[in-house]
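Me: I have this one open on the screen and want to go through it. Start with how the elements are named, then I'll ask as I go.

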Number of protein chains: 2
Amino acid sequence: MAGTKKKLARAPVTRGVRVGGRSKRVVEAALRAAVNELARSGYTAFQIEEVAREAGVNRTSIYRRWPTKAKLLEAALREVSPFHNTQAMTGNLRRDLLDLSQRLVRWMRSAQGKTLMSLLTRDVRPPELVRLARTLGDESLAPWWALVESAKLRGEIARGIDARLLIQMILAPVTVRLERGERVNTKVLTTLIDVAVSGAAPGQRRTRAR
Amino acid sequence: MAGTKKKLARAPVTRGVRVGGRSKRVVEAALRAAVNELARSGYTAFQIEEVAREAGVNRTSIYRRWPTKAKLLEAALREVSPFHNTQAMTGNLRRDLLDLSQRLVRWMRSAQGKTLMSLLTRDVRPPELVRLARTLGDESLAPWWALVESAKLRGEIARGIDARLLIQMILAPVTVRLERGERVNTKVLTTLIDVAVSGAAPGQRRTRAR
DNA sequence: AACTATCGCAACGACATGTTGCGTTAAGGA
DNA sequence: TCCTTAACGCAACATGTCGTTGCGATAGTT
C-alpha cells in the first residue's frame with residue numbers, strides 16, 4: 001500500500017527478557033503492595049486496582065505479568081517468608097512451646113502472617129491457592145513436630161497421642177482467637193500449653209475406644 | 001389529555017401485605033435455596049442468580065424482598081436453627097462432652113451447620129453479618145458452658161481454668177479439621193476430650209505467670 | 001367479580017475482572 | 001553513545017455479577 005515502509009529484516013539486537021531497572025521495580029512494588037492489600041483487606045475485598053495504585057503502577061502492567069487475580073495472589077504468597085524458628089530449644093517442653101507460640105503469634109500479626117492466614121480460609125478460590133497456602137502453613141509446623149516428638153522420646157508425652165492433633169489443640173484456638181480479635185497473651189498461651197502438655201502426659205486417664 | 005381515563009377515587013379494598021399462597025411459597029423457596037447455596041458454594045461463590053434458579057423464582061423477586069445480598073444471607077442465617085442440645089446430661093463429664101461433640105459434628109456437616117460456618121469466617125462482609133453469625137455460634141456453646149461449670153463445682157476441672165478457652169481447645173481443632181477435610185471421628189474427639197479434661201483437672205502442674 | 005399486592009420479564013447502570021491496540025519509555029547489546 | 005525492542009502507560013473494550021426500575025401479567029383478598 002502507499003505509505004507503507006518496509007524495513008529490512010535484520011537480526012534482533014536483544015533477545016532475553018529485561019530483569020533490571022524498571023521491570024524489577026514494578027515487580028517488587030506490585031508484590032509488596034499485593035501482600036499489604038491482602039493483609040489489610042482480606043481475600044474477599046482484595047482488588048487489583050488498589051494494588052496497582054499502591055504500587056504506583058498501571059493496572060495493565062500487573063495483568064501482563066500475572067494473568068489472573070489468583071496468580072498474583074499466588075506470587076504474593078510465595079513472597080511471604082514462612083515462619084521460621086531460629087531459637088535454640090532448651091529441652092524444657094513448656095518453655096520451648098511458649099517461646100515458639102509467642103513468636104508465631106507475633107508473626108501472625110504481621111503483614112506476612114496475615115497474608116498467609118487470609119488464604120488459609122476455606123472457600124478461597126481457586127483450590128490450588130488454598131493448597132499452596134496450606135503447604136506453606138504446614139511448613140511452619142516443622143519445629144512444633146520436632147518438639148512434640150522429642151518430648152515423646154523423653155517420655156513427657158504419651159506415645160499414643162497424635163502429635164498433629166495435640167499441636168492443633170494449641171494452635172487452632174490461637175488462630176480462632178486472633179481472627180475474632182480475642183486476647184491472645186502470655187496467660188492464654190500458658191494455659192493452652194499447660195492443659196495440652198499435662199493432658200497428654202503418660203499415665204493420664206484415657207477413654208477406651210468402644 | 002386525549003385517551004387518558006380518569007378513574008373515580010375509591011377506597012382500596014385491601015391494605016395489608018399478602019402472606020399466604022404464592023408469596024409464602026416464594027419466601028420459603030428462596031430462603032431454603034439460599035441456605036443450600038451457601039452450604040454448597042460458600043460465601044465467596046454465593047450467587048443470587050443461582051438461588052433464584054434453585055428456588056424456581058425470578059431474580060427480581062428476591063431483590064424486592066431482600067435489597068442486598070447481605071440481607072438475604074442474614075435472613076437465610078436466621079432460618080438456620082442453631083445447634084440445640086436435647087440430650088440429658090449423665091453427669092459423666094467425658095461422656096457428656098463426647099455426646100455433645102458428636103452431635104455438634106453431625107450438625108456442622110449438615111447444610112444448616114455449613115451455612116453458619118460459612119459466615120463465621122472473617123472477611124465476610126458486612127461486619128454485621130459476621131456479628132450475627134458469631135452470636136448464633138456462641139448460642140450453640142451454652143450446653144458446653146454448663147458442662148464445664150458444673151464440672152468445676154464437682155472439682156473435676158480446676159477453678160482457675162478459663163472455661164471458654166478450654167472449650168475452644170476442643171472445638172477449634174474440630175472446626176479446623178472439618179474445614180480442611182481431615183478426619184473427625186470418635187477417636188479424634190475422644191483424644192481431644194481426654195487431653196483437655198485431664199489437663200484441666202485440679203492438681204496438674206501450672207506454669208507460674210512471670 | 002373487583003381490586004391490587006406481588007410476581008415475571010426486560011432493560012438499564014455501576015463496578016470489578018480481564019483483554020487488546022497503540023504510542024511512549026527505557027533496558028541493554030552494538 | 002546509538003539503536004532495537006521489551007516492557008510500560010493509556011484508553012477502549014468485553015464480560016459477569018450486583019442491584020434498580022418500568023410495565024404488563026398473575027393471583028390473593030375482600
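Reply: A helix here is a DSSP run of H or I with at least four residues, and helices are numbered from the N terminus. Bear in mind that this is a predicted model.

Me: Fine. Where does A:Pro126 sit, then?

Reply: In chain A, the loop between α6 (111-120) and α7 (127-139) holds A:Pro126.

Me: And the peptide bond from A:Arg125 to A:Pro126, cis or trans?

Reply: That bond is cis, and its omega is near 0 degrees. For background, most peptide bonds are trans.

Me: What about the bond that joins B:Arg125 and B:Pro126?

Reply: A cis bond, with omega about 0 degrees. B:Pro126 lies in the loop between α6 and α7 of chain B.

Me: While we're in chain B, how many residues of α6 are buried?

Reply: Seven of the ten residues in α6 (111-120) of chain B are buried, so the helix is mostly covered. The buried ones are B:Gly113, B:Lys114, B:Thr115, B:Leu116, B:Met117, B:Ser118 and B:Leu119.

Me: What do the buried residues of α6(B) pack against?

Reply: Five helices of chain B: α1 (22-45), α4 (69-79), α5 (93-109), α7 (127-139) and α9 (163-180).

Me: Switching to the two chains together. What rotation superposes chain A on chain B?

Reply: One of 180 degrees, with 0.0 Å of shift along the axis and an RMSD of 0.1 Å. The two copies are therefore related as by a two-fold rotation axis. Within chain A, A:Gly199 has the C-alpha nearest that axis, at 1.8 Å. Both copies use the same surface, and 100% of the contact residues of chain A recur in chain B.

Me: How many residues does each chain put into the contact?

Reply: Chain A gives 36 residues and chain B gives 36 residues. On the chain A side, α1 (22-45), α9 (163-180) and α10 (186-199) each supply at least two residues. The largest share, ten residues, comes from α10(A).

Me: And by class, what is on the side of chain A that touches chain B?

Reply: 15 nonpolar, eleven polar and ten charged residues.

Me: Now the core. Which residues touch the most other members of the largest nonpolar core?

Reply: That core has 104 residues, and those touching the most other members are Ala34, Met169 and Ala196, in chain A and in chain B. B:Ala34, leaving aside neighbours within four places in sequence, contacts B:Val51, B:Leu72, B:Leu73 and B:Ala76.

Me: How are the C-alpha atoms of B:Ile193 and B:Met169 separated?

Reply: By 8.8 Å, with the two residues 24 apart along the chain.

Me: Last thing. At what angle do α5 and α8 of chain A cross?

Reply: The axes of α5 (93-109) and α8 (142-154) cross at roughly 175 degrees and come within 11 Å. So α5(A) is roughly antiparallel to α8(A), since an angle over 145 degrees counts that way.

Me: Which residues make the contact of α5(A) with α8(A)?

Reply: From α5(A), A:Leu93, A:Asp96, A:Leu97 and A:Leu100; from α8(A), A:Pro143, A:Trp144, A:Leu147 and A:Ala151. By class, seven are nonpolar, none polar and one charged.

Technical notes: Residues numbered from 1 in each chain as written. Chains lettered and ligands numbered in written order. Predicted model: local features only at pLDDT ≥ 70, side-chain atom pairs only at ≥ 80, totals over all residues. Contact = placed C-beta atoms within 7 Å. Nonpolar A, V, L, I, M, F, W, Y, C, P; charged D, E, K, R; others polar. Core = buried A, V, L, I, M, F, W, Y, C linked by C-beta atoms within 7 Å. Buried ≥ 20, exposed ≤ 12 C-beta atoms within 10 Å, placed from the backbone. Least-squares fit on C-alpha atoms with pLDDT ≥ 70 in both. Axes fitted to C-alpha atoms, helices over the stretch in contact; angles between N-to-C directions. Parallel < 35°, antiparallel > 145°, perpendicular 65-115°, else oblique.
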